[in-house]
Amino acid sequence: MSTEVRVPTLGESVTEATVATWFKQPGDAVAADEMLCELETDKVTVEVPAPTAGTLAEIVAAEGETVSVDALLATITEGAAASPADTGGKSVAEEATAEADQGGEEIDVMVPTLGESVAEATVSSWFKQPGDAVERDEMLCELETDKVSVEVPAPASGTLGQILAGEGETVQAGGKLATMTTGAGAPASTPAPEPEAPAAASGDGKDVEHAPSAKKLMAEKGLSPADVQGTGRDGRIMKEDVQRAAQAPKPAPKPAEAPKPAPAPDAARGPIPAEDAAREERVKMTRLRQTIARRLKDAQNTAAMLTTYNEIDMSGVMALRREYKDLFEKKHGVKLGFMSFFTKACCHALSEVPEVNAEIDGTEIVYKNFVHMGIAVGTPNGLVVPVLRDAHSMGFAEIEKKIAEMGTRARDGKLSMAEMQGGTFTISNGGVYGSLMSSPILNPPQSGILGMHKIQDRPVVVNGEIVIRPMMYLALSYDHRIVDGKGAVTFLVRVKEALEDPRRLLMDL
């Protein structure tokens with residue numbers, strides 16, 4: 001008789017977890033309430049006890065897999081573990097050896113399709129090492145492209161053979177990442193994995209396997225296990241432990257035993273004193289940050305970029321939002337923000353000044369009879385621009401829902417390449433960070449970008465009287481090769497008029 005081991009209730013609003021560590025393996029005897037595995041959610045770590053005594057028969061969800069509440073984790077066969085006599089006189093080790101001798105078919109793990117116009121990626125992390133058993137669709141490694149991360153699943157169940165592209169290496173689309181052997185075991189020719197550094201030992205001398213997510217985050221933050229205080233079982237380091245260690249103030253650097261030689265002088269930086277060089281830290285730029293730097297510089301080198309400014313009185317939008325925000329949220333299930341007003345105002349202005357919504361292709365101007373609105377979003381890894389497709393045909397509620405959804409997915413790094421391509425115009429809101437005035441840089445090949453800024457009470461003259469109004473500076477950067485000054489100023493004035501009197505948006509004026 002077998003008993004199922006399922007994912008327990010994880011807590012309010014928590015619907016899934018990652019299998020972090022299995023403490024038992026198939027064939028191991030387990031006692032009732034003995035810990036079988038550990039699950040890791042966004043906030044806490046959950047230990048899963050054995051519901052009954054017996055023998056662990058099968059592990060259904062391997063380490064690193066994501067499981068939902070009540071999903072099947074494993075099965076337990078009641079009774080003692082199988083003896084050699086029960087298996088025809090062969091021990092478990094002998095059976096494993098026999099299976100390994102049978103071998104299997106060797107297949108290649110290839111770089112998947114990375115997205116339109118993306119030809120290469122960097123291997124950021126390997127979740128498995130040579131010799132590790134893998135299940136079909138289990139994540140083997142993670143690739144980092146210019147904009148998104150791509151996980152590579154195992155094409156079949158078997159054993160990982162040789163890793164051909166190590167962490168940090170650049171690979172081409174369709175290139176070979178590794179080899180693996182299908183079936184129960186690896187062939188004898190499979191190279192043995194290099195010995196890893198021993199895991200941090202707990203107080204009782206046992207080696208502790210830290211959570212995979214914690215290992216990955218430690219590598220990203222440049223921390224070692226010695227720098228982190230583990231709070232998991234037997235001192236195991238969890239993801240939140242690494243986050244706390246990364247946020248903690250760093251101790252003053254110890255004096256170096258001998259001064260390190262200063263790096264070769266850089267033409268831009270000039271000579272660096274040895275005492276300063278010893279206190280510097282060099283971190284390789286991510287592919288995303290390299291791409292951001294390259295594209296921004298290309299925009300300055302290619303476009304004849306110019307910026308025009310204006311200011312708007314936000315009291316009309318704020319009064320309308322204050323009056324209807326509760327009713328809006330009750331009906332549509334989303335808060336009424338400012339971005340929907342700016343998106344609608346820009347779509348309205350772009351219809352009147354179509355060159356701001358166009359792009360240059362060689363010696364031709366391509367006018368877009370639609371608006372794919374890019375909304376710049378700051379993430380922990382850098383700036384990304386998800387695109388609201390056909391924003392000109394959306395209502396306020398649909399715009400707010402899409403912006404909220406795409407903003408969350410952008411910060412979680414879950415946007416696809418397709419969702420960040422094809423924009424015709426961009427809005428960047430520096431006001432959320434407190435910016436009062438700035439000149440945004442174009443997002444090529446687009447010809448215009450609107451910069452929003454902080455709303456600040458300022459004295460203005462209205463009907464010959466000085467009054468205090470909530471004012472915002474607007475900046476439109478545009479490509480002067482295609483947009484003349486008259487068109488740029490007209491566009492910004494139309495946005496100003498629509499926002500200062502939001503009823504104009506409803507009347508299409």
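Visitor: Which residue is the bridge partner of Leu160 in β16?
Guide: In β16, Leu160 has Met180 as its bridge partner. Before going on, note that this is a predicted model: local features need pLDDT of at least 70, side-chain atom pairs count only at pLDDT 80 or more, and totals for chains, interfaces and linings use all residues. Residues are numbered from 1 along each chain as its sequence is written, and side-chain values use heavy atoms, with hydrogens and water left out.

Visitor: How do I read strand pairing, and how many bridges pair β14 and β16?
Guide: Two strands pair if DSSP finds at least two bridges between them. Strands are DSSP runs of E (at least two residues), helices are runs of H or I (at least four), and both are numbered from the N terminus. Here β14 and β16 (residues 176–182) pair antiparallel, over 4 bridges.

Visitor: Which strand do 2 bridges join to β14?
Guide: Strand β11 (residues 133–134) is joined to β14 (residues 158–163), again antiparallel. Ala133 has Thr159 as its bridge partner in β14. As for side chains, in a regular strand they alternate between the two faces of the sheet.

Visitor: How many aromatic pairs does a search of the whole structure find?
Guide: First the rule. Rings of Phe, Tyr and Trp (its six-membered ring) pair if their centres lie within 6.5 Å; planes under 30 degrees apart are stacked, over 60 edge-to-face, the rest tilted. The search finds 2 pairs. Phe341 and Phe396 have ring centres 5.1 Å apart and planes at 65°, so they are edge-to-face. This pair links distant parts of the chain, 55 residues apart: Phe341 in helix α7 (residues 339–352) and Phe396 in helix α8 (residues 396–411). The tilted pair is Phe425 and Phe491, at 5.4 Å centre to centre and 55° between the planes. Phe425 sits in strand β24 and Phe491 in helix α9 (residues 485–500), 66 residues apart.

Visitor: Is Phe425 buried or exposed?
Guide: Buried means under 20% relative accessible area, exposed over 50%, partly exposed in between (1.4 Å probe, protein chains only). Phe425 is at 0%, so it counts as buried. Phe491 is also at 0% and buried. Phe341, at 3%, is buried.

Visitor: What sits over the ring of Tyr473?
Guide: The charged end of Arg458, 4.1 Å from the ring centre. The test: NZ of Lys or CZ of Arg within 6 Å of the ring centre and within 35 degrees of the ring normal. Arg321 likewise has its charged end over the ring of Phe338, 4.9 Å from the centre.

Visitor: How many salt bridges does a search of the whole structure find?
Guide: Side chains of opposite charge can pair when their charged atoms come close. The cut-off is a side-chain nitrogen of Lys or Arg within 4 Å of a carboxyl oxygen of Asp or Glu. The search finds 14. One of them joins Glu352 and Arg494 at 2.9 Å, N to O. Glu352 lies in α7 and Arg494 in α9, so the pair ties together parts 142 residues apart in sequence. Glu352, Arg494 and Glu497 are linked in a salt-bridge network.

Visitor: Why are Arg409 and Glu405 separated by about one helical turn?
Guide: Because they are 4 residues apart in helix α8.

Visitor: How is the salt bridge of Arg481 and Asp479 placed?
Guide: Their side chains meet at 2.7 Å, N to O. Arg481 is partly exposed at 45%, whereas Asp479 is buried at 3%.
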